Amino acid sequence: MARNDFRRSPPPPPRRGRAEEPSSSAFGRLIRRLFVWGASLALLGLLALAVAVGLTAQSLPDFEEIKTTQSEQMIVVRARDGTQLVSLGPSYGKWVPYDQIPQVMKDAMLSTEDKRYYSHVGIDPIGLARSFKVRLEEGKWKQGGSTITQQLARTVFLNNSRTFGRKLREGVLALALEWNFSKDQILELYLNKVYFGGGAYGIDSASRKFFGHPGTEITLPEAAIIAGLVKAPSHYAPTADAEAAIGRGTVVLGLMATNGKISQAEAASTDLTKIKFAQETGQNSVRYFTDWALPQLDLLLGETDQPIEVWTTLDVKLQNEATNAIQNNVPKGAQGAMVSMDRDGAVLALVGGTDYVTSNYNRAVNAVRQPGSAWKLFVYLAALEAGYTPNAEVIDEPVTIDGWSPRNSTGDFAGKIDVRTAFAYSKNTVAAQLGQEVGFSAVAAMAKRFGISTPISTVPSMVLGTNEVRLIDMTRAFAAISAKGAAVEPYGIVKVTTTDGKVLYQRQRQGTSALVPAYVASGITDMLQTAVSIGTGRAAQIGRPVAGKTGTTTANKDGWFLGFSSGVTTGVWMGRDDDRPVPGLQGGTAPARAFASFMKAAVANRPVEKFETDATLPAWQLEPDDEMLMSGAPEDYYYVDEQGDLVNPEQPAEVPAERPAPDNRGQSPGRAPPAANEDFLNEATGRVRPAERARPN
């Protein structure tokens, strides 16, 4: 019998499937796979980056070409005689080679902007990590991680937008720059191209602008100031805020001491408050003119970023005379402005305030103020066009229009006077009557016709200048009168060229259009001349014929004088920016004296010109005796409309059937009356031949 009690070995444990493997092993394999994939992607990324950097490096300009690259447009503004008025936009100064750059300047810049400059390859990983850490802690980008190489790439090739795409391109360019150039070359490029504020690019330009000497002479305190400007040029520039510049410079000294470039004792003993900043140049009254004229380049030129020279109409001598005339005559605590034009609209001088440095607000072209009685120019123009003459009779008497009762500045009334006298002595009651008769809307239309660009209300008081206007617009209107009623367009730019002389723009002679008939221009010139000769503008006399008008607003808040002589038209305004009254300020006082002071110089070398005040009135205002008596040959007669234009006899103008009754000025209002009766018109125009007339029985 077989034995079955022998000992058997235990059966082997069952083999486990994959699903039964420990989870830690699966996780490990996942990590290994992620690592492999990550490493592969990183390798591909590095390969792509290397290709991008290599291709970018091959496409970069060489060192000399980068030296000549300019980031922004430079504009040189010239006066009418070609002298340089001001240079605007970037100023690059002279190129300072690396070995001539003061060591303190290099140390200050590296300590402030890139203390690991000589140890990185164009991108600083430590700086980037610090920047991201601050971003996570603060929730926004507050600390930049850009190296000097990255800043150079941005300055030369990119813009300042804060987009990820721009930062990526900046990094690639920085690596390419490091590939192509040495550290010393990159630092030389950077220090000669970075923007330091006030229009200064590069250390030489900054040194000359802020300290008045070349960049090769920069001292430690000056280097600290200059290096501190890069962070925020518009804020820290000495031209913007000297105290802020000194405060930032103190921070730079501390960084230099921390980085071992100077000792702590040297940093503490350097007193930045003792630095003498160079006086700002070019910030005189000429800037009022350039602030007005240069924006017009956007309309005159196509898009261009090349350096240009702008040739203007400004006369340097007259600009200085205008500045002195305003400063010497403006009442204490008040402001003043002046615009002067040649007969074709060329602006000879433009002053927008008493001092551009303390206030660059341009009151000559931007401020809107009430013109007072200077507005009566348009009232009397409308009256002359409607049929009045300077000799026509009017009555200075109390008047009420829609509840409004104007009064004269003298408080009395002159009774019967002529239009010329009423204008010369600025009679408010007469202006109100004329405005009501011709229509306040007609006065507004006349002002618009002569270039007033501000809104105009047609309430009755508008005849006394309650609508706000700009000085340059009022001066333009008076210049049109000087031009015998022809439109005048103010302009300040004659020619624009590149720095090598290529003409980009040349002003062409403009055609003129008549704003009013010649007899209207002659009539108003007659009255304007009388206002200066015997009226409210006597202080504007300069020893030769002058035509002009004063203007004074309520409580002496604004004083005006506008006038012309020998082809030069000048407008003056004075008042306070806060619209408070100025004791003793009337248009016939300080403004008229400033006008006279300037105009004596403005016309000194011009021939004396007499005004054409002998108006040839149209036929409907002066009827020839031969027409009244129906004598003479029919073909000798001609017909004109109310503007003085000839009328075709085959298509005669419509005329009223009856002549309106003459008013107190001896003129018939409205349209032109018929020159003769119907029978005469039939014969003169050929509508009915003499033989065809009905013979008397």
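Mentor: Two strands count as paired when DSSP finds at least two bridges between them; helices (H or I, at least four residues) and strands (E, at least two) are DSSP runs, numbered from the N terminus. This is a predicted model, in which local features need pLDDT of at least 70, side-chain atom pairs count only at pLDDT 80 or more, and totals for chains, interfaces and linings use all residues. Residues are numbered from 1 along each chain as its sequence is written, and side-chain values use heavy atoms, with hydrogens and water left out.

Trainee: Thanks! How many helices and strands does the protein have?

Mentor: There are 24 helices and 12 strands. Five strands make up an open sheet in the order β2-β1-β3-β8-β9, with mixed pairing.

Trainee: What makes β2 and β9 edge strands of that sheet?

Mentor: β2 (84-88) and β9 each have a single partner strand, so one side of each has no neighbour in the sheet. Neighbouring strands here are turned by 15° against each other on average, direction ignored. Helix α13 (residues 286-293) packs on the sheet and touches β1 (75-78), β2, β3 and β8. The direction of α13 makes about 60° with that of β2. (Axes are lines fitted to C-alpha atoms, for helices over the stretch in contact, and angles run from 0 to 180 degrees between N-to-C directions.)

Trainee: How do you know that β3 and β8 are paired?

Mentor: Five bridges join β3 (residues 308-312) to β8 (residues 493-498), so the pair meets the bridge criterion. The two strands run antiparallel, and W311 has K495 as its bridge partner in β8.

Trainee: What about β8 and β9: how many bridges do they have, and in which sense do they pair?

Mentor: They have three bridges in the antiparallel sense, so this too counts as a pair. In β9 (residues 503-506), Y505 is the bridge partner of V496, and V503 is that of T497. The two strands form a hairpin with four residues between them, and G501 in the turn has a positive phi of about 100°.

Trainee: Let's move to I326. Why is I326 called buried?

Mentor: Buried means under 20% relative accessible area, exposed over 50%, and partly exposed in between (1.4 Å probe, protein chains only). I326 has 0%, so it is buried. This residue belongs to helix α15 (residues 316-329).

Trainee: Which residues does I326 contact, neighbours within four places in sequence aside?

Mentor: With contact meaning heavy atoms within 4.5 Å, I326 touches G336, A337, M338, V351, T354, V572 and M574. The C-alpha atoms of I326 and V351 are 8.1 Å apart, although 25 residues separate them along the chain.

Trainee: Why is helix α16 described as largely enclosed?

Mentor: Of its 11 residues (376-386), 10 are buried, so the rest of the structure largely encloses it. Those buried residues pack against α17 (419-424), α18 (428-438), α19 (440-449), α20 (471-482) and α21 (518-533). Just after α16, G387 takes a positive phi of about 130°.

Trainee: Which residues of α16 and α20 meet, and what classes are they?

Mentor: L377, F378 and L381 in α16 meet M474, A477, F478 and I481 in α20. By class, this contact has seven nonpolar, no polar and no charged residues. (Ala, Val, Leu, Ile, Met, Phe, Trp, Tyr, Cys and Pro count as nonpolar, Asp, Glu, Lys and Arg as charged, and the others, Gly among them, as polar.) The two axes come within 11 Å and cross at roughly 35°.

Trainee: What makes a set of residues a nonpolar core, and how many residues has the largest one here?

Mentor: A core is a set of buried Ala, Val, Leu, Ile, Met, Phe, Trp, Tyr and Cys residues joined through side-chain atoms within 4.5 Å. The largest has 88 residues, and W375, F378, Y380, F450 and I524 have the most contacts inside it. Another core, of 53 residues, lies apart from it and includes Y98, M105, Y236 and I262.
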